[in-house]
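Dear colleague,

I am passing on the structure below for you to look over. My notes on what was found in it follow directly after.

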Amino acid sequence: MEIVYALAIGVLTGSGVWLLLRPRTFQVIIGFSLLSYAVNLFIFGMGRLAVHLPPIIATLDPDPSLFDDPVPQALVLTAIVISFATTALFLVVLLASRGLTGTDHVDGEEEPEP
Amino acid sequence: MSPIWIVILPFAGSLCAAFLPSHARNAAVWLAGAVAVACVTLTFQLYPQVASEGVVRAVLPWVPELGLDFTFRVDGFAWLFAMLVSVMGALVILYARYYMAAQDPVPRFFAFFLAFMGAMLGVVLSGNLIQLVVFWELTSLTSFMLIAYWYHRVDARRGARMALTVTAAGGLCLLAGMLILGHIVGSYDLDVVLASGDLIRADVWYLPALVLVALGALTKSAQFPFHFWLPHAMAAPTPVSVYLHSATMVKAGVFLLVRLWPVLAGTQAWFWIIGTSGLITLVLGAYAAIFQRDMKGVLAYSTISHLGLITLLLGLNSSLALIAAIFHIMNHATFKASLFMAAGMVDHETGTRDLTRLSGLYRAMPITATLAMVAAASMAGVPLLNGFLSKEMFFAETMFVSGHAVTRIGLPVLAVIWGIFSVAYSLRFILQVFFGPPAQDLPRKPHEPPRWMLLPSALLVLACLVVGMFPAATMGPFLDTAARSVLGAYMPSYSLAVWHGLNLPLVMSLVAMVVGTGLYLALGKYQQGAAVVPLINRFDGRRLFEFTIQKLDGVAAWLMRWLSTERLQVQLLLLICAVFAIALIPLHKGLPAGNMAGSAFQPAFALLWLVGAACAIGAATQAKYHRLAALSLAGGAGLATAMTFVWFSAPDLALTQLVVEVVTVVLILLGLRWLPPRYAWIDDALDSFGARVRARSRRLRDLALASIAGASLAMLSYAVLTRQAGKGISHFFIENSLPLGGGSNVINVILVDFRGFDTLGEITVVGIVALTVFALLRRFRPAPESMEPPQQQREQDAQTGIAAPDPHAPLPPGPMMVPGTLVQLLLPVAGMVSVFFLLRGHNEPGGGFVGGLIMATAIILQYLVGGTAWAESRTRIRPHYWIGAGLLCAAGAGLSAWVATRPFLSALAWHGTLPVIGELHLSTVLLFDLGVYFLVIGSTVLILVALAHQSLRAHRKSAAQARPEAATVSVAALPAQAGPEA
């Protein structure tokens, strides 16, 4: 399972990085999304993979080894919400830049011929 | 009363003055005067304690864990200086009342003035080196504000900028020097540092520390080669020149040298650095003062010269010279402040300060003239005035210097030359302005200034006289306490007397007076038209300064051109490479896979990611020409991620990811409309062959980079995942979630309780983002070609005719009627589900984020199905209020802990039984989560609705072009609410 999980992170990262380097704003926003999935999975993976051990406790004196690590989960939860906010802001900046400059190139102008 | 109040009062007064209306001139003066008098009283009544105990300390704990306290420390020298600052402050405030014009914004002046006073008192009374530097920089800042008070004048702005650049840069050097001193001693406490003189002088870091501290002190006290800023600071209103640039701020440098004298002085390095700078400044300043045309210019160069005298005295490494220096600090403040006041009064009454235009003012302004004459005589060192006493002490000190013959003879000779120059410029200052034939072409007809304006100057002149005649009886005890606090056991015996018999210093004085008078007479003609200083005019510090600044600008621009780019792609490329390189540093030897037994292989999970990976790669390839497809595919990858969270025991993450995914897709869908159309065949046809080759090679490079990044992160993940996890902090949260947090869902307890402060920050960010989006879209102007309705809509309109949506129809018309009905029914259900998720969050998966996003989704569905106009005609959602309410709720939950005298954001819980309802558990944590819930609804809806309104605007515009009369109706029919377009 770990190998599948790691490969998933790899594919998401690769696609995300590829898109981040593209010249069109829409490509960058999608790449940003994919990269944030990859990073979230990576951080989440730092708590190791555990099946059927959600950190929801029932007794007053729980054994920590019987639950999945809650710290990366809390971090990722925050990261998901923040990346949503970032995407929204980025989208609007993208639209405003498109309206102002007339192009959807990330630099606000088409690349000049060398 | 504690010395802390002496520093706090002026700052508090400054704050009050800042809030006064700009014409409240008298109120501001009364306020400032009361503060200054209070400071004088507070300082004065400390004297018996200072005299008997030596040091009075007051400590205000700040961050005791880091050893940081506000320490205030009053010893004899600090007391004397604090008296100087507060008494001068009081006098200058009275003077400024009459100097400032009624149309000037006087409260602003006094706000800065009091802030400066507080900062200066802070420098003087600091018992901690770092704290001293902080107040030091504050004096630079407030002096900047005061010099630039008349900011409509170019010279004021330039002078202020130059003063700030020089003194603040010196302050940074001082900070570095203080850090070194603190490092050597192991403490920043002034008492500890002062007791470690031998340790510091023996340290290898002594010289760097000395140079850095000297840079701080010499820049502040306008010593050569940093003296050039002071004459340009004269663009300030005269009360500022009186207070900052003669009596107090420029004395901060020499104050510091005296303060650190016990630990830094006594070495050859000190003698050469401090002594040389002081000597050059002494002579150059006096020389330049002779040739100034501006009255304030003469005084500015004279101030530079006198500060040089103090610096030179301190550099002589003699305890008697130190006493002379302290004495001269006081004397110079009295006569120079009085002279500046006189210059200000002349300027005020005649409208000019130009020495070549002024003449014969004695007749019109006899009192001013008399006061100025006495003060100028003191400046020139005429007997029976205080300036004479410290000058004699200086002359005596120059003769005791041991060492090479050049220093032994050169120093007294230069001292006499300085004395000659001083006499010459003092004479010229007085004779030119007050004597001779009355000037005819003055801008205003001169007369005596108001009596109250003369009073401060008169008091200072009185002090010159009294101290000059009875030095031992007036200044003696205070000077003694001050010197003792610096010198301690090494206090020499000295006598303050007017008559020491006929000795060499007196002869030197006499020579200076005679030759000085001769020099004035000889230069008489030349000075009339002189605006340049002969011999040294080419060495203009200002030009050097501006040249340096210009060069620095040029170098910065050059570096920017070579090291930076505006192209985002290049930046991102470098960023990714840099991240890769940094990660490589610890990992370059390779990180083998661990040996922990992984979880069992599940074909379903592999299949899930087969689809997920296909989605990701598909999104990557389609994002350029098929945006909708790419968006759906990216959503697919997001779904796979959410399911992975479910799989590996993270239900909360899965829920959040799922709803965020929905909202994000809707958001981007709304934005797609405004992007330019892009077709592969058009792009291909447009590109030249060369461009295509370049694009292909760039893609190959990026593909390689992306593959490397993906592969390395995959390997890193695998290596980590197959290792045993270290013992982190997780066990704390699991063990304490129920006993301390009262919830069984550990994630939620972490978010709203253990790390509640982080969450509060996070929701604030989300709220700010929403408001930013709203603000950006208000000014949004879509590109002209995307204003047209899309092709499909045009086709449909051609069939059915353009129909403006009717906001009053019970259901959206046409094919959307059935979904409209369903969505309307869905709203209350979704609301209930969202509250359910909110409430169960503490014990089961859910919480404010998930609940809020569910509710927001339900609301946006109304918009999607019914259209903006239809939805807004029946729902009154004010997202701004939701954001505000959410923040208030969350912050209120945090503040409520203060009621129970617990730290911010501590949870308060109540557990009990109510009739009918039964057992009930209430906690402020729920209120906090409710805040999160409100804020998430408000922010999400605000963002989505703001985007949705753009379509409405475009639609309305096209409808208006088609049928103007109908459009006005539809606009008028819209509910008058604060929609994002308002």
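**Domains and overall form of chain B**

The C-alpha centres of domain 1 of chain B and domain 2 of chain B lie 73 Å apart, the bounds of domain 1 being 266-489 + 497-518 and those of domain 2 being 750-982, as taken from an automatic or database domain assignment. Please keep in mind that this is a predicted model, in which local features need pLDDT of at least 70 and side-chain atom pairs count only at pLDDT 80 or more, whereas totals for chains, interfaces and linings use all residues. Residues are numbered from 1 along each chain as its sequence is written, while chains are lettered from A and ligands numbered from 1 in the order in which they are written.

Chain B contains 41 helices and four strands, these being DSSP runs numbered from the N terminus (H or I of at least four residues for helices, E of at least two for strands). Its radius of gyration, taken over C-alpha atoms, is 39 Å, well over the 30 Å that the globule rule (2.2 Å times the number of residues to the power 0.38) gives for 982 residues, so chain B is more spread out than a compact globule. The C-alpha trace of chain B spans about 115 × 80 × 75 Å along its principal axes.

**Where the two chains meet**

On the side of chain B, 97 residues are in contact with 80 residues of chain A, contact meaning that the C-beta atoms, placed from the backbone, lie within 7 Å. Among the helices that each supply at least two residues to this side of chain B are H26 (568-587), H27 (603-622) and H31 (689-721), and the largest share, 14 residues, comes from H31(B). By class, this side has 61 nonpolar, 24 polar and twelve charged residues, where Ala, Val, Leu, Ile, Met, Phe, Trp, Tyr, Cys and Pro count as nonpolar, Asp, Glu, Lys and Arg as charged, and the others, Gly among them, as polar.

One helix pair spans the two chains: the axes of H1 (residues 2-20) of chain A and H27(B) come within 9 Å and cross at roughly 5°, with axes fitted to C-alpha atoms over the stretch in contact and angles running from 0 to 180 degrees between N-to-C directions. These two helices are therefore roughly parallel (under 35 degrees). The contact includes Trp18(A) of H1(A) and Trp609(B) of H27(B), and its residues divide into 15 nonpolar, two polar and no charged.

**Helix packing within chain B**

Helix H4 (residues 76-99) and helix H21 (residues 451-469) of chain B pack at an angle of about 150°, with their axes 7 Å apart, which means that they are roughly antiparallel (over 145 degrees). Their contact, to which Tyr95(B) and Trp452(B) are among the contributors, has eleven nonpolar, no polar and no charged residues.

Helix H17 (residues 319-350) and helix H19 (residues 386-399) of chain B also cross at roughly 150°, their axes coming within 9 Å. The contact of H17(B) with H19(B), however, has eight nonpolar, six polar and one charged residues, including His328(B) and Asn331(B) in H17(B) and Glu397(B) in H19(B).

**Two backbone details**

The peptide bond from Phe224(B) to Pro225(B) is cis, with omega near 5°, and Pro225(B) sits in the loop between helix H10 (206-220) and helix H11 (229-232) of chain B. In chain A, His52(A) has a positive phi of about 60° although it is not a glycine, and His52(A) is found in the loop between helix H2 (25-45) and helix H3 (70-101).

With best regards

Technical notes:
Two residues are in contact if their C-beta atoms, placed from the backbone, lie within 7 Å. Angles under 35 degrees count as roughly parallel, over 145 as roughly antiparallel, 65 to 115 as roughly perpendicular and the rest as oblique.
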